[in-house]
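Please read it with the structure open beside you.

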Amino acid sequence: MIKSPVLYSLHKRGKQAFCVLFTLGLFGCDVLLTSTNQTTGIIYCSEGSPTNFNPQLDTSGTTVDASSHQIYDRLLDFDPQNGNVIPSLATSWTISDDGLKYTFQLRKNVEFHQTNYFVPSRALNADDVIFSFDRWRLKDHPFHMVAGGTYPYADSLGLDKLIASINRINGYRIEIVLHHSQSSFLANLATDFAVILSKEYADQLEIKQLKSKIDSQPIGTGPFKFVNFRQDSFIRYQKHDKYWGESIQTENLIFDITSSSSLRLAKLITGECDAMGLPAHSELEIIRQSKGLVLDEKPGLNVGFWAFNTSKPPFNKPEVRRALSLAIDKNALIEAIYFDSAIVAKNIVPPTSWAFQAEQKNLSYNPSAAKKLLQENGIEAGFTMNVWAMPVERAYNPNAIKMAELIQGYLQAVGVKVNIISYEWSTFREKLKQGDHDSVLIGWSADNGDPDNFYRPLLSCAAIKSGTNRAMWCSPEYDSLIDQALHFTQIEDRQYFYYKANALIAEQLPLIPIAHASKYQAYRENVKGFEINPYGGVQLAGVTKN
Amino acid sequence: MSRFKLYQEEFHPSPLQHTWLEFKENHLAVGGLCCFMFFLFIILLCPIFAPFDPLMQKTDAILIPPAWEANGGIVNVFGTDALGRDLLSRVMYGCRMTFGISIILVLVAMFVGVTLGAVAGMSRGVRSSVMNHILDSMMAIPTLLIAIIIIAILGTGLINSMWAIALALIPQFIHQTRDFVRQERKKEYVMAAKLDGATPFQLVTRSILPNMGEILVVQGALALSISILDISALGFLNLGAQAPSPELGTMLSEGIEVAYIAPWSIALPGGAIFLMMLSINLVGDGLRSALRSRLIH
Amino acid sequence: MLKVILRFANLVVLTLLVLSFFSFLLAYMFPGEPLANLTGVVRGNEQQLEALGQLYHLDNNFLVQYWYYLAELFDGNWGLSFSSGLPLASEIARTLPASIELSTYALILSMFIGLPLGFIAGLRHRKTTDYALLSLSVLGYSIPVFWLAMLMILGFCLQLGWFPLSGRLSLLYEVPRISGFILLDIMWSDLENKSAILIDALRHLILPTLSIAAFTTTIILRITRRSVIETMNSDYILAALARGLTPWQILFRHGIKNALMPILPLIALQFTTLLTNAMIVEVIFSWPGIGNWLIQAIYQRDYPAIRVGMLAVSTLVVLFTMSIDLLIRLVDPKKSKVERVAI
């Protein structure tokens, strides 16, 4: 051990040296602590990666958000205030008296995107519209099979069977002929899924034998053009200079893909995002209280539910499904998951819809009855089932995994063991479509105000194949009810059939409706013009930042 | 009448006593030891002391702040998490899980490592040289990285992560034992035993290993802190223990989701890991320097 | 000298062969059919499966398959990721530099802080300063890196709003990739507002770097301290003192060099620890590095990605360690291997 004066005198001068060093280190802090983003764009924090950039192929809200209103336009749009159908690419339309012939007049001088992979030589015309519809309508269309040949939205609504023919009258006028009249047809053309693609681009891809690029490198007429996309990181868009609508103020649009809602909120607080989708319900209060953040709310057209795979025993028995329904306490679930920003669902349509029946009753929470019913149906204690919980937040279910954990607790009390299963979102839906699940926590957001938009995609037989019928439930009685409802135009006439359908669902319980939640979005104070689109995907065209 | 002491007795502490005396002088290390004992106490007795079942969810008591916050309650001293589970119970059971598993893993790795290390230390030639090279490159890779690689193969889950960490800890013990055996093999007392006709097995078990105790304790403390860190890191990355189980790292990653509204749900489990690591490292440090100063004198 | 290098080359080739063979075997060790693990095709028709099987030479024996695997690896044809469908070679070329960059800056930072503090502690052995630094360092290496990162986010990002909390650069900026190291790329690029972008990149760097540097700093402090104590106690220092050299002369002529030489390789070896910690911290700060990427791949059971990613990381770590080893041997042939001094 050295205790020499050598070291003692050393340390004195050493001290000075380190003081200098530390001040050097602190130098320049001011510059670093303040954000100096020379902003030329909007960053929107989204919750997941889209599977592709064509909403014809996918009903997932993530895909719709990333493409429908950014890249594409539709023939018609919804008025966000009242839900009425308004002109978009079609400037006017006429309907024949028998309700079978629809004629649309197209807007002129609508330019497609010019990107480094495509340079358009002409503006939008009737060929593009016919191409876009024929792609999902005709099985032998050269592009029909490009992405696997399933068009969930069109298939689940039976649009391909509804349309008899689409005729080109002239360059800017088309005629659509239906097999039978359907009251919800115009609304269906205004949904996020009826987008218009470019035929010229498709032709070029066909020659180059790169057909699949049509969905991954999209070309549309919308306010933003696609630049690039990295899975789970970001999507970049640039403004479409020759957009036909109001000119776009922001140079760039970026989707920052952030799957965790608390991280999205954190980014919104630090200013890394200008706006975010789907704030967690537990964090709404924080957003309301935070200075500099704005929270928008609108009642949502949605339903979150717990669907059983009715093609798998023992879930093919309605009694088993009823027993499981008795075992869970919906009110408690709603309190824990939605933080009172949702209402308990009685059936699959929300109270804002005219097919809703206020007088319908809910099964109440009764674990002992559930246990008894399970035993009567041969389900012994120790029975194991899986609950699939979607990995992403949705307005209709902001935290499916947490809900699954709560359900796990409830079912344990009645002697059923639950395994919670979750995959990355696109894998999840892929496996779900194959019917690998016992039960799943998922939901549905409607794309227009017509109740058919709930009844048909969720539980019709046709929707099994198109992958939106998570219960794999097929009842001819139910199908005929909802088909008949569409032959009438008066609400009272249609209500008769939908009420019957409601009763059927309540009796058979292919799925347990859990909640109807409000729709929220949050943004920073300096963001203007960002409004909730009650009918589907997020719209960022008119948004500006100062 | 007490016995009259004619000669002042000279106190010759045994090596172990000597180490303890040195250790006792280091107040920080003694503090660490007390803390360590406290955690041992918790993991042994938490079924008795924990106020609630760590998995019990109360949907009417979600995200209650801990007792010392303005709107906290006395029922849930540490508050509750996003599913209404009592955090105090969860942290206690979490310590049991993280700490308990780590102790088991270290003991297993120690046993296997010492056995292999002794074999390596006694052997010579090509076999030994090849083994040394593999070992040396293994030693350079951080255990957590090895554990992640093993998990990538086995798949995620608590059991798999235990295998992974145990496997990743073994090389250190092999290395230590091998070097120690090599070094001791040349000493007189081993030579004497050898001349007495002891087999290599007897040499190792009766002569060499008994001298290794302290080194093993020090190495064990190091391994324990690594193992705690690795288990909780794997839990945190969702590669180890899975969601409902009260593992501290897993609890932390669950806490992220509510970090902003309920900072205690990450502060408390993280603090528990930190305290555990701190106590073990203090004890390890104290032991190391006690050993070192004993060897110097 | 030549013998050492040859031996080293030999060892490197052997190790690489072992690592690649191991990663080749992974396709068989993952649960499920090897073909499905390689291609992601689970429900293909027979013809398709057969064609794919031929592509991967699955009908040949192990060694032939391994040979083809090696050939593909050398061709830079590392397969496609299941989840993103992108070529893995380019994915790794994108993510690996990001992690190396983070670890390098953290290593530099911890040397800047750890070495001087280590010297102070060593020179003031068994004094208050020493005890204080030592106690501080125990705190530093007891704190779990992921917890520290979260606390930093809570404090510096959410409460104070000083730093951004995710990524390497604001998404508004797009810097063309040349080297993969963001600061270099910015300086090489010809973008207009270079300085603003550079500052933005630095702002993103600070917190991740600090949180992984904390652990390494304390390790370096302790290694340095131990080495300084040993050096200052050695006979030649006492001899120099006896000959009448001033304290500063002793420290600068003998002390620093002799204390630093044995520990520099050890400090360099900390890089592997940094890389591992960086892999965890990347997940928290959404840093687009290899750790974040690999852990996502494990979640999604993206087997080709896990296989190649593991190969890349372990090759990097092992090669790095072996090179350090070689350096030591070249500088000081008497030493047989890196001594692991106690901290």
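1. Basis of the model. This is a predicted model, in which local features need pLDDT of at least 70 and side-chain atom pairs count only at pLDDT 80 or more, whereas totals for chains, interfaces and linings use all residues. Residues are numbered from 1 along each chain as its sequence is written, and chains are lettered from A, with ligands numbered from 1, in the order in which they are written.

2. Overall form of chain A. Chain A holds 20 helices and 20 strands, where helices (H or I, at least four residues) and strands (E, at least two) are DSSP runs numbered from the N terminus. Along the principal axes, the C-alpha atoms of chain A fill a box of roughly 105 × 70 × 45 Å.

3. Domains of chain A. Chain A is divided into domain 1 (5-50 + 223-296 + 520-545), domain 2 (55-216) and domain 3 (302-519), with bounds that come from an automatic or database domain assignment. The centres of domain 1 and domain 3 of chain A, taken over C-alpha atoms, are separated by 36 Å. Between these two, 14 residues of domain 1 of chain A are in contact with 15 residues of domain 3 of chain A, a contact being counted if the C-beta atoms of two residues, placed from the backbone, lie within 7 Å. The side of domain 1 of chain A that touches domain 3 of chain A has seven nonpolar, six polar and one charged residues; here Ala, Val, Leu, Ile, Met, Phe, Trp, Tyr, Cys and Pro count as nonpolar, Asp, Glu, Lys and Arg as charged, and the others, Gly among them, as polar.

4. Over residues 85-464 of chain A the chain is 32% helix and 23% strand.

5. Chain B with chain C. In this interface 36 residues of chain B are in contact with 34 residues of chain C. The largest share of the chain B side, 10 residues, comes from α11(B), and the residues of that side divide into 26 nonpolar, seven polar and three charged.

6. Chain B with chain A. This contact takes 13 residues from chain B and 14 residues from chain A, and the chain B side has 10 nonpolar, two polar and one charged residues.

7. The model has 95% helix and 0% strand over residues 12-30 of chain C, and 100% helix and 0% strand over residues 305-328 of chain C.

8. A helix pair in chain C. Helix α12 (residues 264-284) and helix α13 (residues 290-299) of chain C pack at an angle of about 75 degrees, with their axes 7 Å apart. α12(C) and α13(C) are therefore roughly perpendicular to each other, a term that covers angles of 65 to 115 degrees. The residues making the contact include C:Met279 and C:Ile280 of α12(C) and C:Ile290 and C:Ile295 of α13(C).

Methods:
Axes fitted to C-alpha atoms, helices over the stretch in contact; angles between N-to-C directions. Parallel < 35°, antiparallel > 145°, perpendicular 65-115°, else oblique.
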